[in-house]
Amino acid sequence: SALRDRLSAVSDAIRKAQKAVAAERMAQAAAAGEALAQAAARDGRQVIVAVLELGTEAKSAARLAAKMHDEMGGGDAAAMIISCDASKRKLMAVAACGGTRVDATKWVSAAVAELGGRGGGKGKQAQAQASVPADRSIDEAVQHVFDTAEKFVAA
């Protein structure tokens with residue numbers, strides 16, 4: 001029927017618009033992450049923890065974390081990305097590390113542990129996810145994960 005066809009067309013247009021918005025958000029986050037990594041490299045910093053708006057798309061975040069690690073010169077450098085999906089109350093931490101200075105799996109696991117999150121991966125690349133408890137704001141949870149990640153590498 002004509003109505004069904006029209007609804008289908010509108011639905012398709014909405015999906016395309018959502019994908020375009022997500023792609024733009026991803027591009028902006030990637031540019032921000034790369035700029036932060038380049039600034040860290042210029043400043044001689046070996047570790048970076050960045051909060052970027054990637055939602056909880058782990059594959060894209062893992063690629064970006066690896067790129068940030070490389071931008072910082074590779075080697076013993078370590079990069080972590082923290083991102084969340086506020087509508088699902090989910091938070092993600094993804095890390096790429098080289099050398100032996102930081103174990104990525106231990107780093108992401110420690111970062112989300114208090115929220116009941118779990119992580120996994122290999123020593124040089126790992127990811128963790130957690131659900132944000134109802135009694136905590138998303139911003140508070142992100143800040144906690146950020147602070148915990150920074151303290152972990154400072155120890």
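**Exercise 1.** Work out which kind of contact joins the side chains of D12 and R15, and where the two residues sit.

*Solution.* Step 1: in this predicted model, the side chains of D12 and R15 form a salt bridge, with N and O 2.5 Å apart. Step 2: check that against the cut-off, which is 4 Å between a Lys or Arg side-chain nitrogen and an Asp or Glu carboxyl oxygen. Step 3: now look at the helix. Both residues belong to α1 (residues 2-43), and they're three residues apart, about one turn of the helix. Step 4: for accessibility, D12 comes out at 34% and R15 at 44%. Buried needs under 20% and exposed needs over 50%, so D12 and R15 are both partly exposed.

**Exercise 2.** Find the salt-bridge partner of K67 and say which helices the pair links.

*Solution.* Step 1: K67 pairs up with E34, and their closest N and O atoms are 3.3 Å apart.

**Exercise 3.** Is E114 buried or exposed, and what about R136? Then trace their salt bridge.

*Solution.* Step 1: E114 has a relative accessible area of 54%, so call E114 exposed. Step 3: the two form a salt bridge, with the closest N and O atoms 3.1 Å apart. Step 4: E114 lies in the loop between α3 and β4 (118-122), while R136 lies in the loop between β5 and α4, so the bridge ties together parts 22 residues apart in sequence. Step 5: keep tracing and you'll reach E140, which is linked with E114 and R136 in a network of salt bridges.

**Exercise 4.** Decide whether T105 is buried or exposed, and list what T105 touches.

*Solution.* Step 1: T105 is part of helix α3. Step 2: the relative accessibility of T105 is 18%, so T105 counts as buried. Step 3: skipping residues up to four places away in sequence, T105 touches G120, G121, K122, G123 and A126. Step 4: zoom in on G121, whose backbone oxygen is 3.4 Å from the T105 side chain.

**Exercise 5.** Which residues touch the most other members of the largest nonpolar core, and which element gives the most to this core?

*Solution.* Step 1: this core has 26 residues, and M80, L91 and W107 touch the most other members. Step 2: α4 gives the most, with six residues.

How values were computed: Residues numbered from 1 in each chain as written. Predicted model: local features only at pLDDT ≥ 70, side-chain atom pairs only at ≥ 80, totals over all residues. Heavy atoms only, no water. Core = buried A, V, L, I, M, F, W, Y, C linked by side-chain atoms within 4.5 Å. Buried < 20%, exposed > 50% of the residue type's maximum accessible area, 1.4 Å probe, protein only. Helix = DSSP H or I, 4+ residues; strand = E, 2+ residues; numbered from the N terminus. Polar contact = N/O pair within 3.5 Å; in protein donor to acceptor, adjacent residues only side chain to side chain. Contact = heavy atoms within 4.5 Å.
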